[in-house]
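Please read this briefing beside the sequence and the structure shown below. The points are grouped by topic.

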Amino acid sequence: MDRIRAPAVFSQRKRKKEMHSPNLSCNYEIKFNKLVIFIMQRKMGVTRRTFLMDLARRKGFRVETELSDSVTHIVAENSSYLEVLDWLRGQAVGDISRFELLDISWFTACMEAGRPVDSEMKYRLMERDGSPSLNTPESEVPSFIASNVSQYSCQRKTTLNNHNKKFTDAFEIMAENYEFKENEVFCLEFLRAASVLKFLPFPVTRMKDIQGLPCMGVQVRDLIEEIIEDGESSRARDVLNDERYKSFKQFTSVFGVGVKTSEKWYRMGLRTLEEVKALKTLKLSKMQKAGFLYYEDLVSCVSKAEADAVSLIVKKAVCTFRPDALVTITGGFRRGKKIGHDIDFLITSPGPREDAELLHKVVDLWKKQGLLLYCDIIESTFVKEQLPSRQVDAMDNFQKCFAILKLYQPRAENNSDNTSKNFDVAEVKDWKAIRVDLVITPFEQYAYALVGWTGSRQFGRDLRRYATHEKKMILDNHALYDRRKKVFLKAGSEEEIFAHLGLDYVEPWERNA
Ligand code: DCT
Ligand code: MG
């Protein structure tokens, strides 16, 4: 329904606009008479479409605002052949076969050339992608159509089977460097590109393989080209050798140290963690002190087996006080990862209100049991009926606890005749410090919290972006708000949330965007 309605709404608005700015469509000389272009607004938006239409007109192309009888070429972005057909059928334009259906990459090539380029196979929207990579396993070819890949990772199913690690690793280094420089735009550009390549069902071996894919900006393409040609990226290598990057990487590896603190330390002339530790006058927060104290344990990743063991500890403690509580492991482990930097848990119990004391009771129990190495409880700041946050990376308002737990590790079986070595055994540290996040959610917000805390971060960002830009809704870890209808949409399961957004359900292990 929306698909059909959107262009009509647009054309009215557009008509009004054109009345006030006549040269937008009329005043350029038409150089190329043989083709008449129509650009679909679907998945493109009004602003970009207006810009592209004007660009083409300035270059002498004939571009129609409406889908008139004279149109010969239809250009679509991020849309598959079937989606375009579906839309066309709703337009009642008669014989559809008279149109050339083309991807935006054809249009871009025309603009670059300053003249119409042949509508070769690679630009045409077809039921099947005509130019799969040579390396593409046969079985995976039919399901992959470049122009079908959505710019939103919540419309892509991304498992942990990454065929393009050498590219995505380089992108993530670049993104991290931009994060350290607090350049969010470039950081996100590389994270989005990494996410698209993680989704590809084949390894990229030539530039043609990325044709038609979203999120492939100039910087990204340069890096891909370099890696294809040289096997690695000199720009990513330069970042790895950069003094500032190296210091920030070390500093932020400490629990409680973020970009702001790293910046401060770097400006003070500090470069390594040894230098930070040696500076006895430096004021550290309670969190950072714990970060240094358990540094070795915390930088070594948490395994799935350790996550399962901690899960038992958490469930046991929570159920001591609330036997009906639901404790769910979220984060990377719920997405099927075998290692993580921490373990994330969501805790809820049926009933109209959450139990604000539960977290305190659990933590006190661990203190008594000698299992709690560090804990910072943040109380809930959620206000009933508050609109979801529009900030894509905003922290949610749940009551939560950032903790470090002591996980006793099964000691390797010693020989039974080892009694004389009791002294040595006592010296051996038989536990590991593990970072644990506990989040308490009211029962009716649980599904939203689960989607948010399952991640990946990129998947969550894109879900929120999709809700805002495609659905006029606002999504956060607490709720989904429909701005048109001015109502909160309730959901008792993750499936219902995807359905509210009009999205196919994506399983947790397919959210590794
Ligand atoms: N998250 C969130 N709000 C926060 C922090 C995190 O919604 N304030 C979401 C994003 C991903 C998920 O929770 C888990 O976060 P992390 O533990 O940082 O990520 P991860 O995917 O579990 O990765 P890792 O294996 O490194 O822990
Ligand atoms: Mg995690």
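Predicted model: local features only at pLDDT ≥ 70, side-chain atom pairs only at ≥ 80, totals over all residues.

Residues are numbered from 1 along each chain as its sequence is written, chains are lettered from A and ligands numbered from 1 in the order in which they are written, and side-chain values use heavy atoms, with hydrogens and water left out.

**Overall make-up**

- The protein has 20 helices and 14 strands; helices (H or I, at least four residues) and strands (E, at least two) are DSSP runs, numbered from the N terminus.
- Of the 513 residues in the protein, 49% are buried; buried means under 20% relative accessible area, exposed over 50%, and partly exposed in between (1.4 Å probe, protein chains only).
- Among contacts with a separation of 6 or more, 70% come from residues 24 or more positions apart, where contact means heavy atoms within 4.5 Å.

**An open sheet and its helices**

- An open sheet is formed by 4 strands in the order β2-β1-β3-β4, with parallel pairing; two strands pair if DSSP finds at least two bridges between them.
- The edge strands, each pairing on one side only, are β2 (61–64) and β4 (100–103).
- Strand β1 (residues 32–39) runs parallel to β2 and is joined to it by 4 bridges.
- Phe38 stands opposite Glu64 in β2.
- Helix α2 (residues 46–58) packs on the sheet, touching β1 and β2, and its direction makes about 150 degrees with that of β2; axes are lines fitted to C-alpha atoms, for helices over the stretch in contact, and angles run from 0 to 180 degrees between N-to-C directions.
- Helix α4 (residues 104–113) also packs on the sheet and touches β1, β2, β3 (73–76) and β4.

**Helix α16**

- Helix α16 (residues 358–369) has 12 residues and reaches 17 Å from its first C-alpha to its last, close to the 16 Å expected at 1.5 Å a residue; the expected span is 1.5 Å times one less than the number of residues.
- Its buried residues are Leu358, Leu359, Val362, Val363, Leu365 and Trp366.
- Seen down the axis of α16, these buried residues fall within an arc of 155 degrees, so they line one face of the helix; the arc is that of the directions from the helix axis to the C-beta atoms.
- The exposed residues Lys367 and Lys368 are carried on the face of α16 turned away from its buried side.
- The elements covering the buried residues of α16 include α14 (304–321) and β8 (343–348).

**Helix α6**

- Helix α6 (residues 184–199) has 16 residues and reaches 23 Å from its first C-alpha to its last, close to the 22 Å expected.
- The cover of its buried residues includes α5 (165–180) and α7 (218–230).

- Asp342 is buried at 8% relative accessibility, and Asp344 is buried at 9%.

**Backbone details**

- Lys43, in the loop between β1 and α2, has a positive phi of about 60 degrees although it is not a glycine.
- The peptide bond from Gly455 to Ser456 is cis, with omega near -5 degrees.
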